[in-house]
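Trainee: Could you help me learn to read a protein model?
Mentor: Gladly; let us look at it together.

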Amino acid sequence: MTDTTQQVANDVKKALLFRLSKAKTGLILDHPFVGTIAMNMPFEVCYQTGFGMPVPTAGVDGKKVYFNPDFCGTLSDDELLFLVAHECMHPMLEHNFRRGERNHGKWNAAADYVINKLLTDEGIGTMPKMGLLSEQVYRDGSGTSEGIYAILPDDESGGEG
């Protein structure tokens, strides 16, 4: 395992890809709008992207969704379903294009507050414990990533899920 993308062991990768496939199927059956997005997004199980960016939990670059197998291995199936939907919502809401010159970590946190509120309101899976969710922050930021970004402290960084 000396590849720069830190190859994931085949059995671990296969097991997680199966769980991710199951999550996609669950979304398409129970939440077809989000499920359609998930079905059309390529997924990769890795520790870092091909661009050398680490993947500590999960992430999306607008074209592909990345999942850290160690992190995902700690999640229940309902939490993984939420995470899949969460990551697919970022490009769906065009967060990568709307960020502009804003701080990446703070922007991601603001976007996470919006996404997590939408997903929990819709009852899509179970949000992982480290996810960012606050009715007050959502309201104070007018329910938009831009509004929430404006009220977050500068040292805010995104959680997952």
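**Cysteines, a helix and a buried charge**

Mentor: The structure holds zero disulfides, a disulfide being a pair of cysteine sulfur atoms within 2.5 Å. Cys46 is in none, as the nearest cysteine sulfur, that of Cys72, is 9.9 Å away. This is a predicted model: local features need pLDDT of at least 70, side-chain atom pairs count only at pLDDT 80 or more, and totals for chains, interfaces and linings use all residues. Residues are numbered from 1 along each chain as its sequence is written, and side-chain values use heavy atoms, leaving out hydrogens and water.

Trainee: How many residues of H4 are buried?

Mentor: Helices are DSSP runs of H or I, at least four residues, numbered from the N terminus. In H4, 13 of the 16 residues are buried, so the rest of the structure largely encloses this helix. After H4 comes Glu94, with a positive phi near 55°.

Trainee: What does the side chain of Asp112 contact?

Mentor: A polar contact is a pair of N or O atoms within 3.5 Å; within protein, one must be able to donate a hydrogen and the other to accept it, and residues adjacent in sequence count only if both atoms are side-chain atoms. Here the side chains of Asp112 and His86 are joined by one of 3.0 Å. Asp112 lies in helix H6, residues 104-122.

Note on methods:
Helices (H or I, at least four residues) and strands (E, at least two) are DSSP runs, numbered from the N terminus. Buried means under 20% relative accessible area, exposed over 50%, partly exposed in between (1.4 Å probe, protein chains only).
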